[in-house]
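This report covers selected helices and a few individual residues. Please look over the sequence and the structure before reading on.

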Amino acid sequence: MSQGPRSGLAAVSSALLAMSRHLEVRDVLKTIVASARELLDAQYAALGVPDDHGGFAQFVVDGVSDDQWKAIGPLPRQHGILAAMLQEAKVERLADVRKDSRFEGWPSAHPDMSDFLGLPIRDGDEVIGALFLANKLRSVGGDPPHPPRPKPEGSCGFTAADEELLSTLAQHAAIALTNARLYERSRELTIAEERSRLAHELHDAVSQKLFSLRLTAQAAAALIDRDPSRAKGELHQVAALAAEAADELRAAVVELRPAALDEDGLVATLRTQIQVLDRAHSARVTFTGRGVKALPAAQEEAVLRVAQEALHNALRHSAAEHVDVSLDRRGSGAVLRVTDDGNGFDPKAIRRAGRHLGLVSMRDRTSGVGGTLTVESAPGKGTTIEMEVPGG
């Protein structure tokens with residue numbers, strides 16, 4: 001077994017417990033990568049989850065800074081050594097990955113790597129990921145790890161014992177990753193079932209009200225000439241039925257509050273959704289949350305919906321390269337700011353043309369919780385949407 005700073009049974013146990021604590025797939029992936037890198041004294045570690053289109057649905061790294069990762073560029077495709085681990089499902093331990101015949105190079109900003117240890121993560125016969133380490137560090141006693149030192153020609157810094165340890169870690173990683181996937185699918189199914197139930201209830205309750213409303217309005221129209229007094233009574237009934245229908249709709253909307261808000265809170269929900277968008281789009285999407293306390297339910301949902309609408313506009317229509325979302329505390333409330341470096345637009349021209357880019361919806365949601373919304377944009381200058389809401 002590796003003689004790193006956290007080697008031994010206690011370190012392995014700690015890593016396995018950490019993996020089992022998380023239920024979100026992204027958190028599990030990050031924990032696996034960090035644990036593998038620390039246990040085996042590697043300078044770099046990464047884990048890729050394949051998609052169905054020749055690339056990676058998710059790719060998590062440890063040992064590379066955010067700035068380095070941004071400079072490297074888009075997620076890697078399945079080629080070279082990574083493809084071998086996914087397709088051949090075997091361990092790869094190389095003295096110098098750059099000298100392997102399958103090596104196809106990497107982007108200019110990519111860190112230099114030599115020692116390489118990689119293996120597939122399997123769930124039965126299915127390969128669900130590729131885990132690899134690069135650049136074996138040398139720890140001496142209790143000292144911090146040192147950078148890779150010269151080694152005999154043709155030898156790999158990662159040992160057979162390292163390979164055995166990583167194989168053990170990968171087996172448990174497969175269990176943790178599978179459990180996290182099942183949890184997320186179960187939650188999605190629960191949400192879908194709940195929405196279906198609400199849709200049926202909404203249909204039954206509101207459609208009955210609307211049917212009564214229509215009949216009452218028709219009766220009022222028939223009576224308006226020959227019995228104005230009765231017609232007036234029917235119109236009062238129309239108003240009452242309309243108010244009841246509005247109440248039913250409002251109650252349904254409240255019930256449709258995103259489940260993640262109740263479970264994770266506003267900051268965590270925004271962070272998770274923005275991480276997904278960052279992986280799904282070529283634009284860099286970032287999030288910062290500072291000092292925000294829990295807000296009333298209506299405010300949290302309004303902030304989330306406005307953020308979603310603003311992000312949709314920035315990613316679909318602005319050709320932005322970077323979209324930044326921030327949520328900061330202001331008094332007992334909060335300020336949401338969504339800024340992009342895209343094409344921008346003239347807000348007045350948008351209104352004159354009858355197009356709103358969701359601005360009307362955002363303003364309505366903001367005013368509905370007593371907040372304010374400002375939009376700053378100009379052609380070629382990007383866009384900033386700021387929403388301030390009061391606290392409880």
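Is the crossing in which α8 passes α9 left-handed or right-handed? α8 passes α9 in a right-handed crossing; a crossing is right-handed if the near helix is turned clockwise from the far one by less than a right angle, and left-handed if anticlockwise.

## Basis of the model

This is a predicted model, in which local features need pLDDT of at least 70 and side-chain atom pairs count only at pLDDT 80 or more, while totals for chains, interfaces and linings use all residues. Residues are numbered from 1 along each chain as its sequence is written, and side-chain values use heavy atoms, with hydrogens and water left out.

Helices (H or I, at least four residues) and strands (E, at least two) are DSSP runs, numbered from the N terminus.

## Packing of α8 and α9

Two packed helices are described by the angle between their axes and the distance between the axes. For helix α8 (residues 266-280) and helix α9 (residues 297-317), the angle is about 15° and the axes are 11 Å apart. Axes are lines fitted to C-alpha atoms, for helices over the stretch in contact, and angles run from 0 to 180 degrees between N-to-C directions. α8 and α9 are therefore roughly parallel to each other (angles under 35 degrees).

On the α8 side, the contact (heavy atoms within 4.5 Å) involves Leu266, Thr269, Leu270, Gln273, Ile274 and Leu277. They meet Glu300, Val303, Leu304, Ala307, Gln308, Leu311 and Leu315 in α9. By class, the contact of α8 with α9 has nine nonpolar, three polar and one charged residues (nonpolar: Ala, Val, Leu, Ile, Met, Phe, Trp, Tyr, Cys and Pro; charged: Asp, Glu, Lys and Arg; polar: the others, Gly among them).

The 15 residues of helix α2 (residues 25-39) should span 21 Å at 1.5 Å a residue, and the end C-alpha atoms are 21 Å apart, which agrees. The expected span is 1.5 Å times one less than the number of residues. Buried residues of α2 include Val25, Val28, Leu29 and Ile32 (buried: under 20% relative accessible area; exposed: over 50%; partly exposed: in between; 1.4 Å probe, protein chains only).

Asp41 lies in the loop between α2 and β1 (42-50). Asp41 is buried, with a relative accessible area of 5%.

## Positive phi values

Most residues other than glycine have a negative phi. Asp41 has a positive phi of about 55° although it is not a glycine. Asn135, in strand β5 (residues 126-136), also has a positive phi, near 65°. Asn135 counts as buried at 5% relative accessibility.

Key. Angles under 35 degrees count as roughly parallel, over 145 as roughly antiparallel, 65 to 115 as roughly perpendicular and the rest as oblique.
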